[in-house]
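Here is my note on the model, as numbered points. Please read it with the structure open.

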Amino acid sequence: MDKNKTDFDAFKDEISNSFFFQIHRIKRTIFRHTNTLMTEAGINLQQEQLPIIMILQRKSMSQRELSDITMRDKSSILRSVNALEKKALIEIQKDEIDKRKNIVSLTAEGVSIAKSIRLLMRKSEDEVLAVFSDQERTEALETIKGFADKLDAL
């Protein structure tokens, strides 16, 4: 039993010193807080639907483009798109030039929800990161952005 406990403690230490695990903890905290704010605001969306809503604020695009941007497979995007269409937050139309393409756009209600979500995300980030000084927030953002930029180049 002592050996199992020692093995588990070593494993726990290894995990807690993992960069990926620490990033996951930060993400989980921010998402949990954002979900709470969204629920309080009466917005009932799943986490995987949020990027689609946020991306479509900029412009309409094909399901394939959504798949590429979000780095999700086509079937996953299709499930999210279908769910958002049932909620009347998006509409799907055939591309006029290439009839094989489906163009996805926000409805008026989708635009309104997207604006609300953006405000809630900012509020959530401000509330969660309030434990840090302005300097710590700036330094952390610059560091994380630098990491992301370097990793994107891989």
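**Notes on the model**

1. Gln63 sits in helix H4. Helices (H or I, at least four residues) and strands (E, at least two) are DSSP runs, numbered from the N terminus. This is a predicted model, where local features need pLDDT of at least 70, side-chain atom pairs count only at pLDDT 80 or more, and totals for chains, interfaces and linings use all residues. Residues are numbered from 1 along each chain as its sequence is written, and side-chain values use heavy atoms, with hydrogens and water left out.

2. Is Gln63 buried or exposed? Gln63 is buried, at a relative accessible area of 15%. The classes are buried under 20% relative accessible area, exposed over 50%, and partly exposed in between (1.4 Å probe, protein chains only). Beyond its neighbours within four places in sequence, Gln63 is in contact (heavy atoms within 4.5 Å) with Ile77, Leu78, Val81, Ile92, Asn102 and Val104.

3. On method: the search uses a 1 Å grid over the protein atoms alone, and a pocket is an open set of points where a 1.4 Å probe fits, with protein on both sides within 12 Å along at least five of seven lines. Lining residues have an atom within 4 Å of a point. Points are joined across faces, edges and corners, and a volume is the space filled by probe spheres set on the points.

4. The largest pocket holds about 1700 Å³. Of its 34 lining residues, Lys27, Ile30, Phe31, Glu125 and Ile144 are the closest to the centre. Two or more residues come from each of helix H2 (19–40), helix H3 (50–56), helix H6 (108–128) and helix H7 (134–152). By class, the lining has 20 nonpolar, three polar and eleven charged residues.

5. There is one aromatic pair. Rings of Phe, Tyr and Trp (its six-membered ring) pair if their centres lie within 6.5 Å; planes under 30 degrees apart count as stacked, over 60 as edge-to-face and the rest as tilted. Phe19 and Phe147 are edge-to-face, at 5.5 Å centre to centre and 70° between the planes. The pair links Phe19 in helix H2 to Phe147 in helix H7, 128 residues apart. Phe19 is partly exposed at 45%, and so is Phe147 at 38%.

6. The chain has seven helices and three strands. Its radius of gyration, taken over C-alpha atoms, is 20 Å, well over the 15 Å that the globule rule gives for 154 residues, so the chain is more spread out than a compact globule. That rule is 2.2 Å times the number of residues to the power 0.38. The C-alpha trace spans about 65 × 35 × 35 Å along its principal axes. Buried residues make up 25% of the chain.

7. Check two backbone angles. Met71, not a glycine, has a positive phi of about 60°. Met71 lies in the loop between H4 and H5 and is exposed at 74%. Ala88 also has a positive phi, near 60°. Ala88 lies in the loop between H5 and strand S2 (90–94) and is partly exposed at 37%.

Terms used: Nonpolar A, V, L, I, M, F, W, Y, C, P; charged D, E, K, R; others polar.
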